[in-house]
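Please keep the sequence and the three-dimensional view at hand while reading.

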Amino acid sequence: MGLRAKIGIAISATAAVVAVLVGVLVHQHTVNAQLELAGGTLDSRLRTTVQDRAAGIDTGRGLINPRDLPGPLRSLVDRGRRGVYLEQGGRTPYLWAATRQGTDIVALKRPYEREQQTVEALDRILWVAGAAGTALGCVVGLLVAHRLGRRLTTSAATAQRIAEGDLGARLPRSGSDEVGQLTEAVNTMAEALAGRLRAERDVTANIAHELRTPVAGLVAAAGLLPPSRPAEMVRERAERVRGLMEDVLEVARLDARTEEADQEVRPLGELVRRAVAAAGHPSAGGPSAGTGPGSAAAGAERAPADAESAERAPVDGEIRVRVGADGLVETDPRRVERILVNLISNARRHGAAPVTVEVDGGVIRVRDAGPGFPEELLAHGPQRFRSGCGRGGPGLGLGLTIAAGQAQVLGAGLRFGNPPGGGAVATVDLRAALRPEADGEEARPDGEGGAGGEGGPV
């Protein structure tokens, strides 16, 4: 139950309780006042009747020793006291007044129906007024709850934007109540957090930028070393440092939110095959293998030449490409390939074979058979310099962070999950970039018909 409903119910319930209490008090006070007034009037008449009878005047209004005198009133009179009693046992209520005069009991009796009807009419008015008051309280409660709930909903949405990285978002300032104080506190916290994050990112980007020239010189110097195993190790480490530096710079550019996509129309299957080739694994060989990305891609899509090669399981390091439904997409090919290369590299390093890349009508899935993504990543998304320890050991989390940033630039969806059967799956959703006029034949540059199929290991 939401806060609006709770506030509305609370105010409505309070209004209903107040209406009932007021109604009960008014009803009881009216009943007592009417009985006191009628009893006083009848008692005054009884005294006059007794005085007239004592003076020998018979007015004919009094009852002498009535047989139907109520028991409680008879007991009171027998003790020598004068009293008034309301009898409500029959269809018509009667008000009695009685006293003793000598050996006789003198009593007066009159119907009490008019007063009872007055109370019933008053009760009906109280019920109507109580219902109207409760309804008005309910409306007022809903209005108050709606206004408060709208302020809290807006604040929650803005806070979520801040949590997702929009450091310029702020909660709207409204009012000086507790919600307004909370807004001021959250805005202050957001400004402090934004300042710290900007400072950290600026420091990281500046360090990477300052290292760019020395690292480039180191790579160039390593390339001049004479062929040997130590020289290969130096070149490998230098290339790794340069790659890490480029990744940090790319993260800094994505954080600045100044990147723009260069739109082109390309077949999605072609982009996937180029990404697989760029990940460092050309075709496994065979008649369809080639030396360039296009040749490797074609080999990835065609079925194996014989049943034996089609049925064999992929060995460690192989990547399978499955194109179920290809299509033309209008997007930035370089950024799509960058996303897929990072996802494939992450699957190979932290997951386990087989690694499979599936294309299904604008949706690309990269699967592996490893231990799955960490729970923190599933809950909060990729974060730089935070990575779980997969099969390939701990990482810096830059690859998935870059993939998420590039997907945001493209306006594409990127989701991470651990399927029930084990492993990990990263899903890139490019359905918003599909061209409506594209069909299955246009999407296949090599002219193959059919609905697509499963490729061999890459």
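The text below treats the helix pairs and then the sheet. The structure is a predicted model.

**Helix pairs**

Two packed helices are described by the angle between their axes and the distance between the axes. The table sets out these values for two pairs.

| Helix pair | Residues | Axis distance | Angle |
|---|---|---|---|
| H1 and H3 | 3-54 and 113-163 | within 7 Å | roughly 160 degrees |
| H4 and H5 | 178-223 and 229-255 | 8 Å | about 150 degrees |

With an angle of roughly 160 degrees, helix H1 is roughly antiparallel to helix H3, because angles over 145 degrees count as such. The crossing of H1 and H3 is right-handed. Sorted by class, the residues in the contact of H1 with H3 are 17 nonpolar, 15 polar and four charged.

The span of H1 can be checked against its residue count. After H1 comes Gly56, which has a positive phi, near 85 degrees.

Helices H4 and H5 pack at about 150 degrees, and they are therefore also described as roughly antiparallel to each other. H4 passes H5 in a left-handed crossing. On the H4 side, the residues in contact include Arg201, Thr204, Ala205, Ala208 and His209; on the H5 side, they include Val234, Arg235, Ala238 and Glu239. By class, the contact of H4 with H5 holds 14 nonpolar, three polar and seven charged residues.

**The sheet**

Strands of a sheet pair through backbone hydrogen bonds, either parallel or antiparallel. Here four strands form an open sheet in the order E1-E4-E3-E2, and their pairing is antiparallel. Strand E1 (63-64) and strand E2 (83-87) are the edge strands, each pairing on one side only.

Strand E2 and strand E3 (residues 94-101) are joined by five bridges in the antiparallel sense. The two strands form a hairpin, with six residues between them. Glu87 stands opposite Tyr94 in E3, while Gly83 has Ala98 of E3 as its bridge partner.

**Helices across the sheet**

Which strands does H1 lie across? Helix H1 lies across E1, E2, E3 and strand E4 (104-111), and runs at about 35 degrees to E3. Helix H2 (residues 71-78) lies across E2, E3 and E4, running at about 20 degrees to E3.

Terms used:
Residues numbered from 1 in each chain as written. Predicted model: local features only at pLDDT ≥ 70, side-chain atom pairs only at ≥ 80, totals over all residues. Heavy atoms only, no water. Axes fitted to C-alpha atoms, helices over the stretch in contact; angles between N-to-C directions. Parallel < 35°, antiparallel > 145°, perpendicular 65-115°, else oblique. Left-handed = near helix turned anticlockwise from the far one by under 90°. Nonpolar A, V, L, I, M, F, W, Y, C, P; charged D, E, K, R; others polar. Pairing = 2+ DSSP bridges. Contact = heavy atoms within 4.5 Å.
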